[in-house]
Amino acid sequence: MNPQLADSAFLLACRRRPVPYTPVWYMRQAGRSLPEYRKLRAGTAMLDACATPDLVVEITLQPVRRYGVDAAIFFSDIVVPLKAIGVDLDIKPGVGPVVAEPIRDAAGAARLRPIEPGDVPYVTEAVGALVKELDRVPLIGFAGAPFTLASYLIEGGPSKNHDRTKAMMYGEPALWHELMDRLTTITLGFLRIQAAAGASALQLFDSWVGAVAPNDYRTYVLPYTSRIFEGLADLDVPRIHFGVGTGELLGVMGEAGADVVGVDWRVPLDEAALRVGAGKALQGNLDPAILLAPWDVVAGRATSVLESGRVAEGHVFNLGHGVLPSTDPDQLARLTDHVHTTTQR
């Protein structure tokens, strides 16, 4: 580990070691809610921004400067590695990732090849520059998990019910496993590229996996998430696993091999600790919508999260999903300060 980061409260909490205060960062802290981000991004498409190192560095640093959070998260998107290996997709404003030719057969799956560092030189360059700029603040690298990537590729874009995804999972299991196997190789490769460039923690986002029942998760998803975390085990970096709507999955997600399990806002952290089981830190889990309420409500709810988080062996304060675009940045600055001051050891 970078010796500069030895006393990082975020990394200590991830490793379930004593901390000077509860560390805090926010999913989607870089981006839509910040006026300086909107100004910088004006006229630049999302995937172009993700491939421009100078922009990536500045956007990643903006919330660290403004909020004083304990970790930065690399500015990118979960579909970046897919685009980099030749998948024809775009991120449409107000819609999300849209895939030109959805994958619905073996020929489609066969087009997905492993990712190489040479496919994403802009990622290596931006991570390296950020590590220098951030100095004593750790950088979190991330990737989309195979189930969530599979859903976009099969559906052709965002989906409410994941009908086609589940139809393949249940009806064509051989094709499903082939697709998941290839996506696992890509995801693991993309995370390792970020770690090699200097990222000091890695988060796997499985945004849509809450659509799957626990038994199906165990059969169709767990082998792949486990392979990813196992494939990162030789790196000296905490591994974080987060999904939305995963209250019923926390037990089986706890088996996947991450060091930290992210919890959305639907399950209190003391209950989540029981479901996840021993030997894990927890991350979360204030409802992002609470930030739209008056400050006294935000402070009260944040304090409740901190109290229930004391049960966990390690706690990283975060939201239960990403910052909403309409959030007042001053609320997040105030919330960061509140978490730090009320938990000072």
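**Pockets, a hairpin and a proline**

Me: How do the residues of the lining of the second largest pocket divide by class?
Reply: This is a predicted model: local features need pLDDT of at least 70, side-chain atom pairs need 80 or more, and totals for chains, interfaces and linings use all residues. Residues are numbered from 1 along each chain as its sequence is written, and side-chain values use heavy atoms, without hydrogens or water. Sort the lining into nonpolar (Ala, Val, Leu, Ile, Met, Phe, Trp, Tyr, Cys, Pro), charged (Asp, Glu, Lys, Arg) and polar (the others, Gly among them). The lining divides into five nonpolar, six polar and four charged residues.

Me: Which residues lie nearest the centre of the second largest pocket?
Reply: A pocket is an open set of points on a 1 Å grid over the protein atoms alone, where a 1.4 Å probe fits, with protein on both sides within 12 Å along at least five of seven lines; lining residues have an atom within 4 Å of a point. Here 15 residues form the lining. Nearest the centre lie T22, G309, R310, H315 and R345.

Me: What is the volume of the largest pocket?
Reply: Volume is the space filled by probe spheres set on grid points, joined across faces, edges and corners. For the largest pocket that gives about 1,300 Å³.

Me: Which residues are closest to the centre of the largest pocket?
Reply: The lining has 41 residues. By class, 26 are nonpolar, eight polar and seven charged. The closest to the centre are R28, R32, M46, S76 and D77.

Me: Which residue in β3 stands opposite D90?
Reply: Strands are DSSP runs of E, at least two residues long; helices are H or I runs of at least four; both are numbered from the N terminus. Two strands pair with at least two DSSP bridges. Four bridges join β2 (residues 89-92) to β3 (residues 96-99), and the strands run antiparallel. Opposite D90 stands V98.

Me: Which residue takes a positive phi in the hairpin of β2 and β3?
Reply: Look between the two strands. Three residues sit there. With phi near 80°, the residue is G94.

Me: Is P238 buried or exposed?
Reply: P238 is found in the loop between α12 (222-231) and β6 (239-243). Its relative accessible area is 2%. Buried means under 20%, exposed over 50%, partly exposed in between (1.4 Å probe, protein chains only). Therefore P238 is buried.

Me: Which residues does P238 touch?
Reply: Contact means heavy atoms within 4.5 Å. Leave out residues up to four places away in sequence. P238 then touches L11, C14, R15, S200, A201, L202 and D259.
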